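Please open the model in a viewer and keep the sequence at hand.

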Amino acid sequence: MKRLALLLGLVILATVPFWIGNSYYTNIAAQILLYATFALGLNVLVGYAGLVSLGHAGLFGIAAYAGALLINAGAGHFIAILGALGVTLVAAAAFAVLSLRGTGLGFVMITVALGQIVWGVAYRWISITNGDNGLSIATRPAPFGLSLNLAPGFYWASLVVFLVTLGAMAVFAASPFGASLRGTRDQPRRMNALGYNVWLIRFLAFLFSGLWSGVAGMLFLYYNQFVSPQVVALTSSAEVLLMVISGGTGTLLGPIAGAALVVIMKNVASAYIERWNFVLGAIFVAIVIFMPEGLVPGSVRFWRWASGKLRRREPRAAAAIPPVSQPKERV
């Protein structure tokens with residue numbers, strides 16, 4: 001059943017441009033995949049390492065800025081992507097070395113400070129980043145002849161990147177490294193006593209998280225063909241963190257559900273609801289109250305509870321039916 005559900009899900013995702021039939025909503029679907037990739041990257045730290053980062057938009061934006069600068073300098077798209085991801089990994093290493101000096105609230109505050117530094121550089125270093133005017137690129141790549149200038153083509157390219165990200169996250173979660181990272185989240189002192197290098201495990205997790213944040217940043221650059229300081233602002237980091245928390249930390253489907261919720265509310269519901277921010281906030285509050293573990297784990301818990309109720313009612317209903325009396329035989 002799981003394989004059948006997976007196959008059905010892949011078929012539905014692959015045929016989205018055909019059954020939607022609208023370039024606007026196809027672009028919305030591509031945005032969901034883009035931000036789901038970003039949320040999955042952040043979930044490595046928040047869900048599996050227990051480290052809440054409010055500066056990941058800085059890594060997201062560094063990849064987009066680096067890619068735009070390389071493309072505008074005349075580099076090919078392949079070189080630009082590799083270069084941008086390399087710069088993002090270096091930045092993630094710097095972020096990790098500085099932020100892992102603290103834990104808990106200290107870690108959060110250091111990541112906020114690092115994200116604000118990136119925002120300040122993007123806003124003030126006008127000779128490089130063009131300040132508020134941002135950077136734009138004129139072209140998009142065409143992998144294997146697939147044009148990304150049309151909504152279906154960009155959606156399918158985003159889908160491939162998303163599936164690669166999801167597969168990497170599934171392998172990571174099931175790997176010994178993923179288990180050791182969860183151990184540093186739950187029992188760091190015991191992991192140290194057992195001989196594990198807790199700092200190094202968290203450092204590598206930060207790099208892994210930063211890599212996929214950079215991949216999402218390049219998708220963002222190609223989607224908008226533009227990047228500005230707003231991309232690296234604190235609100236962007238908070239938004240993707242809400243995606244992870246509302247969907248369910250430490251799960252594969254949770255960040256995807258959270259990304260879908262936020263993107264749909266921002267781009268679809270906002271066209272019909274003037275106070276959509278209020279509605280989105282109310283949804284988050286309801287999730288925290290009724291499903292504190294997140295939307296996906298909470299839905300699974302509710303389904304099991306409802307199924308258990310139905311199973312218990314069935315034997316009671318059967319016991320309540322009186323047996324049919326058999327007619328007595330005449331002698």
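The model under view is a predicted one.

**First stop: N130**

Remain at N130 and inspect its backbone: phi is positive, about 65°, although the residue is not a glycine. Is N130 buried, partly exposed or exposed? Its relative accessible area is 31%, so N130 is partly exposed, given that the middle class lies between 20% and 50%.

**The whole chain**

Now zoom out to the entire protein chain. It contains 15 helices and two strands, and its C-alpha trace spans about 110 × 55 × 40 Å along the principal axes. Of its 331 residues, 44% are buried. Among contacts with a separation of 6 or more, 74% are accounted for by residues 24 or more positions apart.

Display the surface next. The accessible surface of the chain comes to about 17900 Å², and carbon and sulfur atoms contribute 68% of that area. Colouring by charge brings out 21 positive and 7 negative side chains. The centres of these two sets lie 8 Å apart.

**Helix α11**

Select residues 198-224, which form helix α11. This helix has 27 residues and reaches 39 Å from its first C-alpha to its last, close to the 39 Å expected at 1.5 Å a residue. α11 is mostly covered, with 20 of its 27 residues buried.

Examine both ends of the helix. At the start of α11, a side-chain oxygen of N197 comes to within 3.3 Å of the backbone nitrogen of W199. After α11 comes Q225, with a positive phi. Q225 belongs to the loop between α11 and β2 (226-227); its phi is near 55°, and the residue is not a glycine.

Which residues are in contact with A205, leaving aside its neighbours within four places in sequence? They are V44, L45, F177 and L181. For a distance check, draw a line from A205 to A84: the two are 121 residues apart in sequence, and their C-alpha atoms are 19 Å apart.

Move on to S209, also found in helix α11. Its relative accessible area is 0%, so S209 is buried. With residues up to four places away in sequence not counted, S209 touches G41, L42, V44, L45 and H56.

**S175, between two helices**

Select S175 in the loop between α8 (151-174) and α9 (176-186). Although it is placed in a loop, S175 is buried, with a relative accessible area of 18%; the cut-off for this class is under 20%. What does the side chain of S175 reach? It reaches the backbone oxygen of F172, at 2.7 Å. From S175 to L207 the C-alpha distance is 16 Å, across 32 residues of sequence.

**V118 in α6**

Proceed to V118 in helix α6 (residues 105-124). V118 is buried, its relative accessible area being 14%. Show its surroundings: apart from residues up to four places away in sequence, V118 touches G58, I62, F95 and V232. V118 and P229 are 111 residues apart along the chain, and their C-alpha atoms are separated by 8.7 Å.

**Last stop: L13 in α1**

Finally, select L13, which is found in helix α1 (residues 2-14). Its relative accessibility is 27%, so L13 counts as partly exposed. Not counting residues up to four places away in sequence, L13 touches Y155, L159 and F162. To end the tour, draw the line from L13 to F302: these residues are 289 apart along the chain, and 26 Å separates their C-alpha atoms.

Notes:
Residues are numbered from 1 along each chain as its sequence is written. This is a predicted model: local features need pLDDT of at least 70, side-chain atom pairs count only at pLDDT 80 or more; totals for chains, interfaces and linings use all residues. Side-chain values use heavy atoms; hydrogens and water are left out. Helices (H or I, at least four residues) and strands (E, at least two) are DSSP runs, numbered from the N terminus. Buried means under 20% relative accessible area, exposed over 50%, partly exposed in between (1.4 Å probe, protein chains only). Contact means heavy atoms within 4.5 Å. Accessible areas come from the Shrake-Rupley method with a 1.4 Å probe; for residues, only the protein chains shown count as cover. Lys and Arg count as positive and Asp and Glu as negative; His and the chain ends are not counted. The place of a charge is taken as NZ of Lys, CZ of Arg, CG of Asp or CD of Glu. The expected span of a helix is 1.5 Å times one less than its number of residues. A polar contact is a pair of N or O atoms within 3.5 Å; within protein, one must be able to donate a hydrogen and the other to accept it, and residues adjacent in sequence count only if both atoms are side-chain atoms.
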